[in-house]
Amino acid sequence: MHVKELILLIVVECGRIHVDAWSFPDPSLPAGSRPRPYSDHSDMPPSYNDMPPSYDDGLYDIPPAPFYNGWYDDVPPSYHNDAVDMQPPSYYSNGYFMPSTYNNGRMDTTQPSYNSQVGMRPPYKSQVDIPPSDMTAAQVDKNGVDIASRVDFSVATHMSTMDNPLLHQENCLPKFSRIRTHHISPALEEKISTMKMEFELFESYLNMSSSSSTTLKAGNLTKKNSSEKLELSYLLDELDSIKHTLDHTWNIVSHLQSVKNDNELRQIYDLNQRNVLKATSQFSQSKPLFDALQKLLKQRLKSNETDTLKKALSNTIKGNLSSASVKSIITEKVFEQQQEQRAVENILRSMKEGGVGMKSKEDQERLNEIQLRLASLATKFSNNILDETQALFMTVLDRSSMQGVPQSILLQWNNAHRKEMARQGYSGGSDARSPNDPLGYNGWSSNGPVSYEEQQYEEELRQFAWKAGPWRVTMDQSSYLSAMKHIPNRELRRQIYLAHLQRASEISSPDKNNIPVIEEILRLKKEMAKLLGYDSYAELSLSSKMASSTDAITKLTDLVAEKALPAAKKELEEITKFAHASGGLMEMDETGRRYSVPLQHWDIPYWTERLKESKFDFTEEELRPYFSHNNVIQGLFQLVNRLFDVTIKEDVADTWHADVSFYNLYDNANGGKHIASFYLDPYFRPMNKRGGAWMSSCVAKSRALDNDLPVAYVSYNVEPPGEGGRPSLLTFREVETVFHEFGHALQHLLTTASVGEVSGINGIEWDAVEIPSQFMERWCYDRDTLYSFARHWRTHQPLPEAMYDKLLQQKVFGAGMKTCKQLYYGQLDLALHGSGSSKKAQDNPSYFSSVVADASSIFDIQRDVAKKYLPPSMMPPLLKEDRYLCSFSHIFAGGYSAGYYSYLWADLMSADAFGAFEAVLLNDDSKNKGTNNKKEEELKLIGKRFRDTFLSLGGGIPPDQVFEIFRGRSPTPKALLEQSGLQ
């Protein structure tokens with residue numbers, strides 16, 4: 001029997017749970033199939049799950065190598081707050097969670113039926129690039145899927161290239177409304193073929209580079225070498241041009257997979273990924289290119305130009321914060337030379353890691369096989385989490401189980417239930433309810449015209465439905481965290497916690513089990529490191545980062561842990577005491593006798609929230625009406641103008657969804673010149689948009705491509721506007737997420753680096769990429785910034801002063817536990833990849849090699865690290881059934897393998913950088929509502945310097961030197977500890 005859904009309705013009455021189940025056949029699914037939904041890529045800690053989503057979970061929003069082109073996914077929050085890139089682990093509860101019921105390949109029900117495939121929608125705002133007449137609503141199958149998109153590849157390959165928008169993108173903005181899934185494979189095949197031909201011609205040119213008359217025609221350029229010898233700038237530009245042939249198209253496809261995902265696009269992406277990886281490997285293994293780059297770099301290092309660079313970078317004017325000093329240190333000529341040198345050094349390192357120097361052909365072929373397999377495993381790891389997250393939900397009927405849950409959260413869960421009922425085909429619109437509707441309303445029973453009286457009745461039901469239920473609690477990050485913080489029923493919290501913690505494990509779903517995937521990933525990474533001459537993958541990873549060694553990382557980690565662990569232990573004891581005093585840790589035996597129970601992992605988020613409410617006399621939900629999304633965005637734009645003298649205005653562009661908006665940046669100091677643009681995709685669409693938050697590159701600044709207008713994608717997931725004119729309302733943590741992601745975007749958009757390899761977010765050491773994002777988060781607590789957008793959406797009144805004071809007071813609440821979780825993640829990552837704090841790994845070097853032989857050893861390492869960096873207090877740091885590793889996407893499906901410590905490393909630098917602004921802000925009366933002209937002038941001066949360094953120089957200057965130019969000294973941990981409340 002084909003089962004579309006198994007719904008388990010949990011009714012809590014007098015503390016007892018009753019389960020009813022029924023199923024519906026789904027003829028659209030093949031026998032034995034399971035829906036493959038989309039998830040939010042959570043990466044939050046298994047214990048103490050009190051943190052909100054982050055910018056990507058990012059989690060893993062960084063495609064596997066070599067496609068890291070600017071994917072800074074939402075990763076965990078900074079240590080002074082828990083509001084950014086964190087997204088929790090996985091869980092599954094036997095009996096209470098089940099697959100959701102959407103049809104394979106179908107998208108969000110808010111979309112018209114003909115929009116079921118990627119790009120199938122009318123253009124956003126302007127009527128440009130209107131889909132041809134053969135792509136009309138009539139050309140769909142019974143499931144609403146575009147028939148044209150199902151063209152057989154053998155036929156599609158021969159379709160006219162004139163009809164394929166992916167073949168005519170160049171540097172223009174993508175024509176999203178015209179892109180169909182059947183365009184992808186033919187476009188990539190042609191791009192790969194073209195790139196291969198151009199690169200072979202380029203290699204021939206390199207072999208003949210001694211000839212001054214050689215003419216090169218490759219990529220989008222036709223140049224004649226003006227010198228009798230090959231020039232470094234010439235080589236880099238041609239390489240950038242050739243690589244762009246494929247990169248731009250593949251980036252568009254990768255972006256659509258994140259924001260317009262369905263089963264068909266997944267299949268096409270998987271089908272082409274291997275071919276793209278093979279095509280790009282020709283760059284990393286080209287001996288002519290490697291020899292030419294090495295020769296040119298040696299020439300550069302021997303020249304007087306190198307002395308000029310060293311001299312310029314050593315002449316940092318200590319303590320001078322004028323913007324002129326930055327230009328006196330790094331002139332345009334010096335900066336261009338430094339960009340080229342850094343680009344060559346990065347390329348050579350990547351080529352060595354790609355196997356170009358290997359003497360054994362067998363070893364090189366094995367390395368290629370490993371890299372291809374790792375890319376495939378990363379995709380599989382992510383998809384398993386996506387599927388599991390979307391497949392799990394709980395429908396709650398009993399009102400007593402929701403007592404005390406904020407209205408906004410109940411409304412969200414009730415809307416989720418009604419939309420799901422409507423999506424399943426029950427009429428009654430968005431007000432469809434389950435058959436056991438407490439109000440006795442069968443929303444699917446009427447298919448005919450609705451009378452005025454019926455409309456009025458339905459409107460009344462809509463207004464009160466959030467109180468009556470049912471409520472659909474899902475495993476996406478926002479819903480999960482809300483449940484853990486606010487559902488008073490302890491048993492329900494336990495079920496939700498375990499379900500989320502055990503996603504994609506052998507406990508939840510054998511066919512989506514990520515343990516074998518982890519085993520193979522670790523084994524292959526270790527083998528790859530050995531092939532490249534490194535002792536471990538951790539050593540290989542650190543070869544391209546700021547941190548000199550794992551010892552240096554552990555030294556900083558332990559320094560912070562000395563402050564964080566005692567604070568965390570004290571916080572946990574206070575929570576335990578408060579929970580006991582409130583009667584929250586009492587249970588009843590069969591005789592009716594009540595007895596005390598210890599605090600458990602699923603209790604911590606709930607009682608942490610209650611303790612915070614008790615201490616500061618306000619709730620997180622009380623702030624939400626003051627943070628409407630549109631106001632937050634305008635406040636963010638005002639801050640950018642205030643600090644960096646840039647104006648942001650909305651414009652019109654073709655987009656992939658009606659929710660997406662498009663903006664231009666104008667440089668006020670340069671006559672209002674248009675300097676960059678970005679797409680903004682803010683709202684969650686659980687059926688086809690991945691969770692978390694991230695920023696990625698659409699178009700990069702490049703002198704080779706004559707492109708001076710970078711374009712970015714900024715994506716996150718907040719609740720969309722509701723009914724009755726209710727705008728999208730954000731929690732304060734979500735406000736921080738918005739600022740965080742835009743910090744990443746600013747580094748891409750305001751760059752002055754023009755060499756493609758180091759332009760914008762490219763070429764920056766991984767442990768420095770979070771500096772601008774964590775810096776921008778800190779402005780959410782600045783009074784002038786906050787009050788530029790904190791206005792009640794109904795009354796338009798500003799946030800009360802008393803609430804602002806309480807917001808500041810709770811800024812460092814729980815800082816010890818939050819910091820310990822970050823330290824734990826970083827050291828766990830290093831331990832798994834061959835180095836770190838695991839006692840067993842240190843005492844027995846062969847211990848790590850056994851990881852893949854025995855799955856339990858992975859979790860043994862996890863428990864060892866947890867014992868050192870998580871406070872034990874009243875309970876063990878981890879449960880025996882903890883399967884957090886099965887959803888730790890940052891390190892197994894993203895760019896943070898042996899690099900998760902980067903959050904700590906970058907936060908230290910961003911806190912110190914913010915200290916320059918804080919010195920000015922603290923000298924001003926925070927209660928003064930008027931604008932202090934002197935203060936604003938000083939902030940603009942420091943803001944200009946921050947823009948001219950961190951936001952401008954990209955990967956062209958080493959980040960430690962960028963920091964020294966900005967601050968006049970090296971960073972220290974003092975500011976981080978003070979701002980985190982741990983000093």
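## Overall picture

Let's start with the contacts: among those in the protein with a separation of 6 or more, 75% join residues 24 or more positions apart, where a contact means heavy atoms within 4.5 Å. This is a predicted model, in which local features need pLDDT of at least 70 and side-chain atom pairs count only at pLDDT 80 or more, while totals for chains, interfaces and linings use all residues. Residues are numbered from 1 along each chain as its sequence is written, and side-chain values use heavy atoms, with hydrogens and water left out.

The protein has 31 helices and 14 strands; these are DSSP runs numbered from the N terminus, with helices being H or I of at least four residues and strands E of at least two.

## Surface and burial

Of the 983 residues, 62% are buried (buried is under 20% relative accessible area, exposed over 50% and partly exposed in between, with a 1.4 Å probe and protein chains only). The accessible surface comes to about 36000 Å², and carbon and sulfur atoms hold 50% of this area. Areas come from the Shrake-Rupley method with a 1.4 Å probe; for residues, only the protein chains shown count as cover.

## Backbone details to look at

A cis peptide bond runs from G469 to P470, with omega near 0°. P470 sits in the loop between α11 (452-468) and β7 (471-474).

Two residues other than glycine have positive phi: D617, near 55°, and H796, near 65°. D617 belongs to the loop between α17 (604-616) and α18 (620-623), and D617 is exposed, at 57% relative accessible area. H796 is in the loop between α22 (783-787) and α23 (801-809); H796 is exposed too, with a relative accessible area of 57%.
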